[in-house]
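Try each task before you read its solution.

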Amino acid sequence: MKTRLSIIAVLLIVSMSVWPAAAFADTGDGNEYYTVYDESGVKLTCIGGRVYIGDIYISGQNAVYEVESVDDQTKSAIARFSGVQALSKTAYYDKYASVMSNKENRLIALYSTHSDESYIEGDGISSDEVYGGIYDVSDELKEKLNDMGIEVIIDYTTHHPHDAAAYTRSRSTAVSLLKNMPDAIFDIHRDGVPEDEYTTQVEGEDMTMVRLLVGRSNPNQSANKDFAASIKANADEMYPGLIKDIFIGKGNYNQELSPRSVLLEFGTHESDKEDVLKSTEYMAEVLSKTIYGTTQLSGTADEGILNEGRPADESSKGAGSGIAWILGIVVGGGLLLLLFVNGSGGFFDKVRRTASELTGGIIGKKPDDKENGEK
């Protein structure tokens with residue numbers, strides 16, 4: 001019994017220490033994708049990386065599906081239709097936009113977890129582990145937002161290689177950006193699915209669509225989802241066809257750090273990069289309208305959009321609670337680790353010995369010769 005408790009204690013400590021890496025879904029190598037079908041076998045969408053049971057898909061027509069089964073051999077999934085969701089701008093506006101619309105200094109933060117992502121037609125390669133073409137998308141989006149009087153901070157830190165642990169590596173980047181107190185933070189990506197998944201026309205101009213991705217394993221999920229829904233609702237009204245869909249996937253994508261955080265997928269590795277860059281102008285207007293209630297330099301909210309809002313200090317409540325949640329885990333893990341290292345008595349000695357046996361002496365107390373019965 002004591003041995004079992006010791007093993008459980010060791011596993012708890014180890015799992016706490018690697019928690020951030022375990023919180024992110026496997027995103028594959030960048031160009032591997034899964035196809036999602038409805039219950040009758042009709043194709044719904046493709047998405048780069050793995051799909052998990054419980055993931056939610058909201059189509060361009062706002063039809064909602066929940067993934068019920070996944071076949072890793074065929075890289076496919078079946079999703080059950082659960083209704084049509086009426087996306088409303090008020091879910092976001094009622095909380096934040098009345099505050100944001102009065103801000104003199106408007107600030108948005110951008111970074112790229114998968115910093116290698118590039119476009120074959122434009123960059124000549126789909127993955128560049130020196131400096132991905134995805135940063136050109138951020139630069140273009142920044143320029144368009146600047147034109148509307150919005151300051152943009154881009155962090156060009158790279159987080160290679162392209163794997164699930166990239167989100168752990170990009171976490172410090174997101175935390176650093178949030179110290180500037182941006183009004184929203186976006187992780188800029190491109191998808192790894194066939195080109196035709198993202199082809200669209202907006203106002204008669206060829207370009208690529210944008211997918212919104214929300215992580216469902218974080219305490220800000222509801223706020224992040226409302227934010228994404230408001231972005232899509234505005235885009236559908238302003239520029240139909242610009243937003244592809246919303247995917248609510250396993251993991252957190254560092255979105256527990258802010259209630260106004262969404263991952264944006266600009267086109268796919270097969271897309272013409274010029275078509276991708278065209279979409280940034282329209283996306284910038286949508287983001288400005290969603291976050292600040294206007295696309296005008298004056299900062300005056302468009303009439304009829306903003307109603308009642310929460311006090312200014314409420315606008316960062318989600319970010320504070322997310323960070324506090326993380327600190328709680330870190331502190332709790334630290335206390336357990338402290339007890340593990342310094343605790344006295346037979347129980348702790350047993351835990352340390354078991355940890356050493358399980359990890360080859362990397363963790364815990366290495367048994368001495370007497371304990372091994374050797375001379």
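Helices (H or I, at least four residues) and strands (E, at least two) are DSSP runs, numbered from the N terminus. The model is predicted: local features need pLDDT of at least 70, side-chain atom pairs count only at pLDDT 80 or more, and totals for chains, interfaces and linings use all residues. Residues are numbered from 1 along each chain as its sequence is written, and side-chain values use heavy atoms, with hydrogens and water left out.

**Exercise 1. Backbone angles**

Solution: 
- Now take phi. Most residues other than glycine have a negative phi, and most peptide bonds are trans.
- For Tyr253, phi is positive, near 55°.

Task: What is its phi, and in which loop does it lie?

Solution: 
- The phi of Glu203 is positive, about 50°, although Glu203 is not a glycine.
- Its loop runs between strand S9 (199-202) and strand S10 (205-208).
- Glu203 counts as exposed because its relative accessibility is 62%.

Task: Which residues does a cis peptide bond join?

Solution: 
- The bond joins His160 and Pro161, with omega about 0°.
- Pro161 sits in the loop between S7 and H6.

**Exercise 2. An aromatic pair**

Task: How many aromatic pairs does the structure hold? Classify the pair Tyr135 and Tyr156.

Solution: 
- Rings of Phe, Tyr and Trp (its six-membered ring) pair if their centres lie within 6.5 Å; planes under 30 degrees apart count as stacked, over 60 as edge-to-face and the rest as tilted.
- The structure holds 9 such pairs.
- The centres of Tyr135 and Tyr156 are 5.6 Å apart and the planes stand at 45°, so this pair is tilted.
- The two residues are 21 apart and link distant parts of the chain: Tyr135 is in helix H5 (residues 134-146), Tyr156 in the loop between strand S7 (151-154) and helix H6 (166-178).
- Tyr135 is buried at 0% relative accessibility.
- Tyr156 is partly exposed at 36%.

**Exercise 3. Clusters and charges**

Task: Which residues form one aromatic cluster? Which ring does Arg50 lie over?

Solution: 
- The cluster is formed by Tyr57, Tyr65, Phe81 and Phe247.
- A charge sits over a ring if NZ of Lys or CZ of Arg is within 6 Å of the ring centre and within 35 degrees of the ring normal.
- Arg50 lies over the face of Tyr52, 4.5 Å from the ring centre.
- Lys244 has its charged end over the ring of Tyr198, at 5.3 Å from the centre.

Terms used:
Buried means under 20% relative accessible area, exposed over 50%, partly exposed in between (1.4 Å probe, protein chains only).
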